[in-house]
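I opened this model to look up a few local points and noted them as I went. The entries follow in the order in which I made them.

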Amino acid sequence: MSGGDMAKPLLGHRSMEGDPHITPASGRTIGVLGSGDFARSLAVRLVCSGFKVVVGSRNPKRKAGLFPSAAEVTFQADAVKKTDVVFVAVFREHYSTLCDLADVLAGKILVDVSNNTEINHHKESNAEYLASLFPASTVVKGFNVVSAWTLQSGARDGNKQVLICSNNQEAKRTVAEIAQVMGFTPVDMGCMLSAREIENIPLRLLPAWKIPIFLALGLFLCFFTYNLVRQVIHPYIREQKNKFYKIPIEVVNTTLPCVAYVMLSLVYLPGVLASCSQLYYGTKYRRFPDWLDQWLQHRKQIGLLSFFCAALHAVYSFCLPMRRSHRYQLIETAVKQAVEKKMNIWVEEEVWRMEIYISVGIIALGLLSLLAITSLPSIANSLNWREFSFIQSSIGFVALVISTLHTLTYGWSRAFDENQYKFYLPPTYTLTLLVPCTVILAKVVFNLPCIQQRLLRIRRGWEKGRYVKFVLPSATGEYSSGETSSNV
Ligand code: NAP
């Protein structure tokens with residue numbers, strides 16, 4: 001399923017009020033088979049949305065108290081007779097026990113809300129199985145992606161989308177109307193073949209986050225090992241100094257900004273590679289390699305993980321003075337000073353470096369927070385395309401530049417200090433600068449007028465070596481057409 005399909009509303013944006021062709025869904029009687037968690041939440045939501053609800057249970061007397069008083073709880077056959085739309089809130093393995101109801105269910109719409117316990121658990125989807133048991137009824141798959149909890153709390157909270165599919169357009173439209181009246185956004189997923197995919201959705205664990213999380217963990221592991229060697233192993237081997245206490249906070253805190261900074265640059269690197277590809281081939285119609293496509297699609301998650309690491313770095317840094325080791329070191333320095341009778345330890349350069357370093361760090365974190373907040377669907381939906389791209393692209397790039405300043409003021413002249421090369425390993429910050437500086441340099445080059453113009457033309461459909469039709473106004477104001485090479 002593509003992101004585009006997900007965004008396609010089933011009923012469009014027109015209001016149902018005042019449309020003579022649409023009968024108002026609210027007010028009609030809806031049946032619910034089953035009296036479990038889902039059935040109860042569904043009944044509450046339907047009643048609150050103005051529907052009459054009739055619940056079919058094997059044991060109505062015992063279950064009636066669990067439902068709102070406005071809902072009628074009766075025997076299954078009795079309930080089904082009173083409605084044209086029946087939500088089957090029963091597990092797949094119990095569908096066959098409903099076969100006695102086949103006659104009363106004939107000609108009615110059955111909404112299959114079921115989920116499985118494993119991805120692709122059965123050969124056919126639950127909805128197809130239900131349709132095979134009740135051939136005289138029309139089955140619509142839907143509502144399985146919302147939980148009982150979301151149903152109860154209403155569509156204010158949680159996922160608002162309800163994915164719907166069926167082979168019958170009319171039945172699908174009816175269920176979509178019901179979903180809309182309940183405050184959900186129905187999304188047309190096409191015919192019944194999509195049911196399998198819809199049933200798999202609730203079982204997938206963060207599918208879009210897997211690659212970014214592995215990337216973040218991989219970077220964390222690499223930088224952590226590198227910092228561990230430099231900050232702990234080196235003093236232990238070379239000077240027999242025990243610095244292992246640094247592992248939980250100091251080493252982690254020098255690793256987090258490295259991951260955050262490199263991840264931020266990895267948000268913008270695929271855009272640079274895509275521009276290079278377009279410039280090289282002179283067209284925007286050539287497909288990017290799959291890995292680049294995937295990378296472009298994961299930018300939001302990579303950016304959010306970058307923000308997460310930066311936020312952790314800020315909290316860790318804030319807590320550094322709370323450590324006992326820090327207090328001992330402060331006292332030790334003070335005593336040394338007293339012994340050496342040093343009165344003035346103020347180093348002007350160091351003071352300025354730290355002031356600038358902390359200030360740009362705070363600004364970078366602020367900008368990253370802005371990027372993270374505007375990537376949330378609820379906020380992103382309130383922005384137009386220009387605003388969204390300005391924040392994510394331009395402000396994002398500024399965040400990368402400011403993070404680079406933060407890194408440079410942290411490193412200062414350490415790259416030129418021989419003592420900083422532990423086991424011949426350069427200071428960590430010099431390594432982190434590689435990718436971000438490449439991205440910044442590439443962006444500067446792409447903004448040179450000659451390259452920017454060419455990129456703009458390519459993105460408007462111009463192609464290298466292609467002949468295009470042109471239309472020129474004549475002296476009389478009329479238009480004449482002809483062919484020319486777009487290369488000219
Ligand atoms: P549940 O609490 O176990 O309820 C299932 C209901 O099925 C029972 O209360 C029972 O009601 C009825 N039933 C009918 N014939 C049955 C039989 N032969 N044996 C046992 N029970 C029978 O389950 P649930 O959580 O409500 O889930 C119901 C359906 O909704 C499932 O297909 C599930 O995948 C789907 N769903 C649930 C959630 C959720 O958040 N819970 C979310 C999405 C989808 P009576 O005893 O009154 O007949």
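**Ligand site**

I found a backbone N or O atom of Asp 37 at 3.1 Å from an oxygen atom of the ligand; a polar contact here is a pair of N or O atoms within 3.5 Å, and within protein one must be able to donate a hydrogen and the other to accept it, with residues adjacent in sequence counting only if both atoms are side-chain atoms. The model is predicted, so I kept in mind that local features need pLDDT of at least 70 and side-chain atom pairs pLDDT 80 or more, while totals for chains, interfaces and linings use all residues. Residues are numbered from 1 along each chain as its sequence is written, and side-chain values use heavy atoms, with hydrogens and water left out.

I then looked at other backbone atoms facing the ligand. A polar backbone atom of Gly 36 is 3.0 Å from a ligand oxygen, and one of Val 90 is 3.1 Å from a ligand oxygen. Around the ligand I have 20 residues, of which Ser 35, Phe 38, Ser 57, Arg 58 and Asn 115 come nearest; a residue counts if one of its heavy atoms lies within 4 Å.

**Annotated spans**

The unreviewed UniProt entry lists "transmembrane region" for residues 211-229, 259-281, 302-323, 356-376, 388-408 and 428-450; such annotations may be inferred rather than shown by experiment. I checked two of these spans. Residues 211-229 are 100% helix and 0% strand, with end C-alpha atoms 27 Å apart. Residues 302-323 are 82% helix and 0% strand, with end C-alpha atoms 31 Å apart. Helices (H or I, at least four residues) and strands (E, at least two) are DSSP runs, numbered from the N terminus.

**Pro 212**

I placed Pro 212 in helix H10 (residues 210-239). Pro 212 is buried at 1% relative accessible area; buried means under 20%, exposed over 50%, partly exposed in between (1.4 Å probe, protein chains only). Leaving out residues up to four places away in sequence, Pro 212 touches Met 263, His 298, Gln 301, Ile 302 and Leu 305, where contact means heavy atoms within 4.5 Å. I also noted 9.4 Å between the C-alpha atoms of Pro 212 and Leu 304, 92 residues apart along the chain.

**Helix H12**

Which residues of H12 are buried? In H12 (residues 290-297) they are Leu 292, Trp 295 and Leu 296. Seen down the axis, these fall within an arc of 100°, so they line one face of the helix; the arc is that of the directions from the helix axis to the C-beta atoms. Asp 290, Trp 291 and Gln 297 are exposed on the other side. The cover over the buried residues includes helix H11 (247-281) and helix H13 (299-319).
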